[in-house]
Amino acid sequence: MKCLNCGYESEIDQNQILCPKCGGLLEIIVEPPRDFSFKNLQGKGVWRYKDLIPGEYKTLVSINEGGTPLIQSTNINRNLYFKFEGLNPTGSFKDRGMTVAVSSAVSLNYRTVIAASTGNTAASAAAYASRAGIKSFIVLPKGKVAIGKLAQSILYGAIILEVDGSFDVAMEAVMRLYRDLRIVYPLNSFNPWRLEGQKTIAFEIVEEIGVPENVIVPVGNAGNIYAIWKGFNELLKTGEIDKVPRMIGVQAEGASPIASAIIKGKDEPEFTDNPDTLATAIRIGKPVNWKKAFKAIKSSNGSAIIVSDSEILESQKDLARKEGIGAEPASSAALAGYYKALNEGIVNKDEKTISILTGHSLKDPDSMAKAPSKRILVNPYYIEKIITGEINGFNS
Ligand code: F0G
């Protein structure tokens with residue numbers, strides 16, 4: 001393990017979440033087994049790749065996460081693929097990380113877990129804690145969590161703590177709690193063990209279609225883009241692949257501390273105290289994993305893109321109406337980012353490109369209902385007349 005802040009190095013230690021020397025974020029450096037080969041793997045989902053996931057696990061807390069479909073676009077561009085993470089057990093990619101982190105928590109004898117969240121981490125943490133038979137506390141920005149996600153956390157039985165302020169305020173509180181009082185296990189992505197599960201997105205892509213040219217990821221707290229890049233890098237070490245795709249991070253206009261800085265060529269993010277976007281999942285002003293995201297984007301020769309809320313909603317509609325895929329707004333940013341990358345010449349339409357659709361549309365019914373609709377209150381008698389065109393104006 002290596003600290004990104006002070007350079008501290010140690011053997012892999014499952015008890016370490018933050019650097020014991022300076023409190024900075026740790027990277028887990030995996031040396032894959034010499035004889036690693038996809039051909040020898042068994043099973044489906046995250047734990048299919050257990051040879052590349054360090055740590056010792058007394059039990060695996062799993063709800064059969066991962067193994068999500070890679071869906072080729074038919075109507076936008078045949079070279080574009082969607083990795084539909086919305087089909088995980090709680091409807092987002094978070095489940096991949098949660099199975100590893102909660103299994104770790106249980107193996108280390110923790111009985112309580114905690115996570116700050118814009119909604120998806122909370123739903124996932126609550127579900128996996130219930131599966132493990134342990135207690136979960138989640139800390140949410142009050143009034144800023146999509147109703148589907150809040151309802152999930154209620155259903156799974158988490159203890160919900162709401163703070164006045166953004167996700168960043170909730171995140172700071174959880175980090176402080178972990179630093180000061182180590183009696184609860186933190187399930188946020190500053191915990192590097194969670195990212196060990198999320199990196200399997202890269203493994204599944206490669207097993208299915210090899211290495212794409214570009215991978216486009218919506219960025220919030222900035223753990224996932226790094227996790228996916230890490231996965232590709234580990235496959236490079238095994239010799240299964242010979243290059244890493246360009247990692248392209250997308251942020252929303254009102255919450256773009258990383259993308260703004262990268263576009264301007266800066267080495268540090270432009271933090272904001274008042275992030276704002278209708279893509280509430282990525283409404284984050286101070287991403288804790290920014291150093292990891294910078295590393296993934298820069299070392300893969302990647303890029304960063306900023307999209308507006310209206311571009312996000314337009315892309316959400318395109319995904320649904322051109323491809324039949326329902327994704328939540330933050331996930332739709334991965335398509336909005338693809339459109340922009342094409343326009344700006346960052347991506348070529350002939351290049352194989354993957355958009356990571358991080359969460360399901362049902363998470364955020366309010367945003368779906370904002371799409372323009374053809375919805376008519378009818379007397380049943382008129383239905384035939386509308387369909388046959390006898391009453392004009394509806395059948396187009
Ligand atoms: N997409 C969705 C649907 C998310 O829920 C998140 C993060 C992201 C993208 C960004 O991923 O943080 O790794 O850069 N949601 C977190 C949460 C913050 O609390 O659910 P990231």
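**Salt bridges, pair by pair**

Mentor: Start with Glu314 and Lys317. They form a salt bridge, with the closest N and O atoms 3.3 Å apart. The term means a side-chain nitrogen of Lys or Arg within 4 Å of a carboxyl oxygen of Asp or Glu. This is a predicted model, where local features need pLDDT of at least 70, side-chain atom pairs count only at pLDDT 80 or more, and totals for chains, interfaces and linings use all residues. Residues are numbered from 1 along each chain as its sequence is written, and side-chain values use heavy atoms, leaving out hydrogens and water.

Both partners of this pair lie in helix 10, residues 309-323. (Helices are DSSP runs of H or I, at least four residues; strands are runs of E, at least two; both are numbered from the N terminus.) Three residues separate Glu314 from Lys317, about one turn of the helix. Glu314 is partly exposed at 43% relative accessibility. Lys317 is also partly exposed, at 21%. (Buried is under 20% relative accessible area, exposed over 50%, partly exposed in between, with a 1.4 Å probe and protein chains only.)

Other salt bridges share partners. Lys83, Glu85, Arg96 and Glu204 are joined that way into one network.

Now take a pair from farther along the chain. Glu351 and Arg246 meet through their side chains in a salt bridge, at 3.6 Å from N to O. Glu351 sits in the loop between helix 11 (329-343) and strand 12 (353-357), while Arg246 belongs to strand 10 (residues 246-252), so this contact ties together parts 105 residues apart in sequence. Glu351 has 22% relative accessibility and counts as partly exposed.

Next, Lys298 and Asp267. Their closest N and O atoms are 3.1 Å apart, and they form a salt bridge. Why does this pair link separate parts of the chain? Lys298 is in helix 9 and Asp267 is in the loop between helix 8 (257-263) and helix 9, so parts that lie 31 residues apart in sequence are tied together. Lys298 is partly exposed, with a relative accessible area of 44%. Asp267 is exposed, at 57% relative accessibility.

Behind every pair is one simple idea: side chains of opposite charge can pair when their charged atoms come close.
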